[in-house]
Amino acid sequence: DGGITQSPKYLFRKEGQNVTLSCEQNLNHDAMYWYRQDPGQGLRLIYYSQIVNDFQKGDIAEGYSVSREKKESFPLTVTSAQKNPTAFYLCASSASADYGYTFGSGTRLTVV
Amino acid sequence: GQQVMQIPQYQHVQEGEDFTTYCNSSTTLSNIQWYKQRPGGHPVFLIQLVKSGEVKKQKRLTFQFGEAKKNSSLHITATQTTDVGTYFCAGHPDYKLSFGAGTTVTVRA
């Protein structure tokens with residue numbers, strides 16, 4: 001079955017460490033997105049990519065980095081510069097910007 | 001800042017009752033999408049509305065897009081325990097999809 005796979009489901013890191021969250025899709029979607037979800041704040045866009053080798057900053061890109069070397073993969077690195085990294089991170093993809101998004105099951109990152 | 005607003009933030013419903021959640025944008029939207037996130041889960045796409053005044057139904061759920069394409073509503077009839085979760089609307093004021101903060105629904109049996 002086609003879908004988006006995020007791994008790991010839970011991730012614990014010490015403050016000051018960089019950490020990379022994986023996102024893989026086999027839906028043949030061109031567009032991929034990273035969102036951060038905090039309680040009561042909905043979903044906030046971190047980065048998005050409309051095509052391979054191209055990506056754009058979202059509303060809260062500071063302290064994060066991404067790459068899009070393959071159509072299927074859009075990994076997110078949470079750097080030590082991110083001041084409040086503990087959150088639920090969701091990856092999504094869509095056939096184009098005007099289509100509904102398919103979300104992965106998310107990664108819960110806790111930084112201690 | 002957030003361009004798509006949802007009210008109410010929380011909705012406590014007696015099983016069997018109806019309720020409506022509302023979504024408002026400060027700008028005209030090209031379309032409006034609705035998602036449902038079950039507790040502990042991830043958002044799942046429900047529907048997209050594109051035309052002014054459009055109304056779509058999915059069983060007990062009725063979605064409406066406003067005439068000015070700046071607001072939308074989701075009406076659920078005869079609420080069931082399976083309706084528990086957070087309902088998000090999302091729209092395109094520009095290229096990026098902007099999500100509302102969601103309406104979290106709990107159901108009293």
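This is a predicted model: local features need pLDDT of at least 70, side-chain atom pairs count only at pLDDT 80 or more; totals for chains, interfaces and linings use all residues.
Biologist: Thanks! Which elements give two or more residues to the side of chain B that touches chain A?
Modeller: Let's start with the contact itself, which takes 22 residues from chain A and 20 residues from chain B. Five residue pairs are in polar contact between chain B and chain A. On the side of chain B that touches chain A, the elements giving two or more residues are E4 and strand E5 (43–49) of chain B.

Biologist: Let's turn to the rings. What kind of aromatic pair do A:Tyr33 and A:Tyr101 form?
Modeller: A pair of aromatic rings is described by the distance of the centres and the angle of the planes. The structure holds 13 aromatic pairs over all chains. For A:Tyr33 and A:Tyr101, the centres are 4.1 Å apart and the planes are at 15 degrees. Planes under 30 degrees apart count as stacked, so this pair is stacked.

Biologist: How many residues apart in sequence are the parts that this pair ties together?
Modeller: A:Tyr33 is in strand E4 (residues 31–37) of chain A, while A:Tyr101 is in the loop between strand E9 (87–94) and strand E10 (102–103). A:Tyr33 is buried, at 1% relative accessible area, and A:Tyr101 is buried too, at 2%. The parts they tie together are 68 residues apart in sequence.

Biologist: Which strand of chain B holds B:Tyr35, the partner of A:Phe103?
Modeller: The ring centres of A:Phe103 and B:Tyr35 are 5.8 Å apart with planes at 90 degrees, so the pair is edge-to-face. Both A:Phe103 and B:Tyr35 are buried, and they belong to one aromatic cluster whose members include A:Tyr33 and B:Phe99. A:Phe103 lies in strand E10 of chain A, so the pair joins two chains, and the strand holding B:Tyr35 is E4 (residues 32–37).

Biologist: Last one: over which ring does the charged end of A:Arg108 sit?
Modeller: Two such arrangements are worth a look. The charged end of A:Arg68 sits over the ring of A:Phe74, 6.0 Å from its centre. For A:Arg108, the charged end is 4.0 Å from the centre of the ring it sits over, that of A:Phe88.

Technical notes. Residues are numbered from 1 along each chain as its sequence is written. Chains are lettered from A and ligands numbered from 1 in the order in which they are written. Side-chain values use heavy atoms; hydrogens and water are left out. Rings of Phe, Tyr and Trp (its six-membered ring) pair if their centres lie within 6.5 Å; planes under 30 degrees apart count as stacked, over 60 as edge-to-face and the rest as tilted. Helices (H or I, at least four residues) and strands (E, at least two) are DSSP runs, numbered from the N terminus. Buried means under 20% relative accessible area, exposed over 50%, partly exposed in between (1.4 Å probe, protein chains only). A charge sits over a ring if NZ of Lys or CZ of Arg is within 6 Å of the ring centre and within 35 degrees of the ring normal. Contact means heavy atoms within 4.5 Å. A polar contact is a pair of N or O atoms within 3.5 Å; within protein, one must be able to donate a hydrogen and the other to accept it, and residues adjacent in sequence count only if both atoms are side-chain atoms.
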